[in-house]
Amino acid sequence: VRAMTSFAKLPSIATVIAGYRDGSLTPTDVAEQSIVAVQAYESSVHAWECFDTTRLMEQARQATQRLRSGTAPRALEALPVGVKDIFNTADFPTQMGSPLWEGFTPGNDARVLYDMKRLGAIVPGKTVTAEFAVHSLGKTLNPHAPDRTPGTSSSGSAVAVATGMVPVALGTQTAGSIIRPASFCGVWGCKPSFGLVPRTGMLKTTDSLDSVGFFVNHAADLLPVFDAIRVHGRNFPLSHAALSDTARQATPQQRAWRVAIVKPHVWEHVTGYANDAFNAWCAKLAAHSRFELVHATLPEPMNAAHTVHETIYQKALAYYFKEEFKRAELISPVMNRLIGAGQTISVSQYEAALEEQVSLARVMDKFFTGEAEASTTGSRFDVMLTLSTAGEAPLRSVEEAPDSALMWTLTHLPAVSAPVFSSPDGLPFGLQLVARRYNDPSLFRFISEVEQLGLL
């Protein structure tokens with residue numbers, strides 16, 4: 001049995017900003033802690049494609065001077081942010097984990113990064129991504145056990161946060177590439193509702209699945225980072241209406257939170273210790289009167305989610321990477337296999353899968369709203385609970401067991417992996433919390449209330 005590795009980390013964003021205001025902390029303090037962590041751990045975990053210490057310190061000194069002159073700190077003032085190497089960055093190359101794009105400099109920032117910089121964030125470098133944000137493992141190692149997978153795709157960002165190198169890092173999820181690394185590395189991972197975070201200026205793999213999200217070390221940081229990166233205003237009428245609906249987003253006061261306990265069709269892959277840990281945690285939650293737990297069965301059409309996702313995913317990869325496929329010797333066997341499989345999928349099969357995706361998204365919306373034809377219980381649910389992964393991180397040479405993360409990506413729901421559990425070997429794995437589309441703030445409020453009880 002091994003103990004989970006502990007790393008020094010910054011306090012919450014709110015605490016850092018408060019420190020700037022009262023003078024107990026400066027941006028150079030924050031930058032120096034980031035650099036110390038990189039110097040201590042990077043040679044062991046390989047989270048970064050590039051990390052510029054000089055640039056980080058210069059930006060931190062400039063921020064320190066601004067604050068000393070009386071300028072109020074912004075929402076993300078002088079916070080070092082790790083950026084997955086599929087987002088355009090004005091100051092660094094964007095190579096997407098592929099030798100085909102080595103040295104590519106886009107000359108601009110992705111929209112999500114622009115929005116974070118506008119609120120004060122500092123970018124010290126780019127984190128490692130799997131090749132084209134797909135499945136092939138990169139050089140990044142799990143900080144708790146180097147022989148285990150850190151999760152693919154967004155693993156560099158997850159590891160950078162887990163080791164305290166940065167307090168926030170951007171990731172993306174097309175299947176489970178935020179939830180899985182968060183689970184395996186023991187950090188908070190958030191995939192917001194589909195469409196809430198702009199995708200301008202970043203790698204595209206699929207139109208209806210690619211989602212931008214992030215990693216943090218504190219539950220309290222979920223909402224401020226979400227608010228920093230999401231779209232705002234009436235130019236986005238559907239999300240604006242939902243996010244502005246105070247009744248929809250409010251913490252329930254006159255009733256308990258209604259919580260669905262879900263074990264999807266992939267639960268057969270869940271390990272015994274993970275199942276036991278999940279059941280025990282849910283029992284602790286149920287002991288509090290603020291929570292009404294219901295063991296719910298997902299609508300039957302959701303059993304096809306993995307097949308529908310596979311069709312959309314492989315066909316889209318075959319389309320968007322057809323030029324790269326012409327140089328197959330420079331892309332991984334995994335990517336070659338997926339593209340090859342996608343080439344066998346007809347346009348009509350792809351279109352049918354897209355229609356099924358829309359149908360499944362509607363089914364899950366009805367599941368949360370309690371419409372009888374979608375829910376076996378007829379109850380309205382505020383939150384759904386399940387596991388993030390089947391258990392601890394498998395060996396790097398072993399394929400990850402199927403889990404439910406892609407089901408919520410497919411149906412455009414917000415999902416959070418919380419670092420709740422540890423395996424008999426002392427390795428982390430996560431609790432996954434899911435809500436109705438656009439109910440992200442409500443989900444964060446639920447998490448905050450549960451954390452106050454000491455359960456998260």
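Reader: What makes the radius of gyration of the protein chain agree with that of a compact globule?

Author: This is a predicted model, in which local features need pLDDT of at least 70 and side-chain atom pairs count only at pLDDT 80 or more, while totals for chains, interfaces and linings use all residues. Residues are numbered from 1 along each chain as its sequence is written, and side-chain values use heavy atoms, with hydrogens and water left out. The radius of gyration is taken over C-alpha atoms, and the globule rule is 2.2 Å times the number of residues to the power 0.38. For 456 residues a compact globule would have a value near 23 Å, and the protein chain has 21 Å, which agrees. The C-alpha atoms fill a box of roughly 60 × 60 × 55 Å along the principal axes.

Reader: How many of the contacts in the protein chain link residues 24 or more positions apart?

Author: Contact means heavy atoms within 4.5 Å, and among contacts with a separation of 6 or more, residues 24 or more positions apart account for 76%.

Reader: Why is helix H5 called largely enclosed?

Author: Helices are DSSP runs of H or I with at least four residues, strands are runs of E with at least two, and both are numbered from the N terminus. A residue is buried under 20% relative accessible area, exposed over 50% and partly exposed in between, with a 1.4 Å probe and protein chains only. Eight of the eight residues of H5 (residues 155–162) are buried, so the helix is largely enclosed by the rest of the structure. Among them are Ser155, Gly156 and Val159. After H5 comes Gly164, with a positive phi near 75 degrees.

Reader: What makes a set of residues a nonpolar core, and which members of the largest one touch the most others?

Author: A nonpolar core is a set of buried Ala, Val, Leu, Ile, Met, Phe, Trp, Tyr and Cys residues joined through side-chain atoms within 4.5 Å. The largest has 135 residues, of which Phe367, Met384, Leu385, Leu433 and Phe446 touch the most other members. Leu433 touches residues including Val383, Pro414, Leu443 and Ile447, with those up to four places away in sequence not counted.
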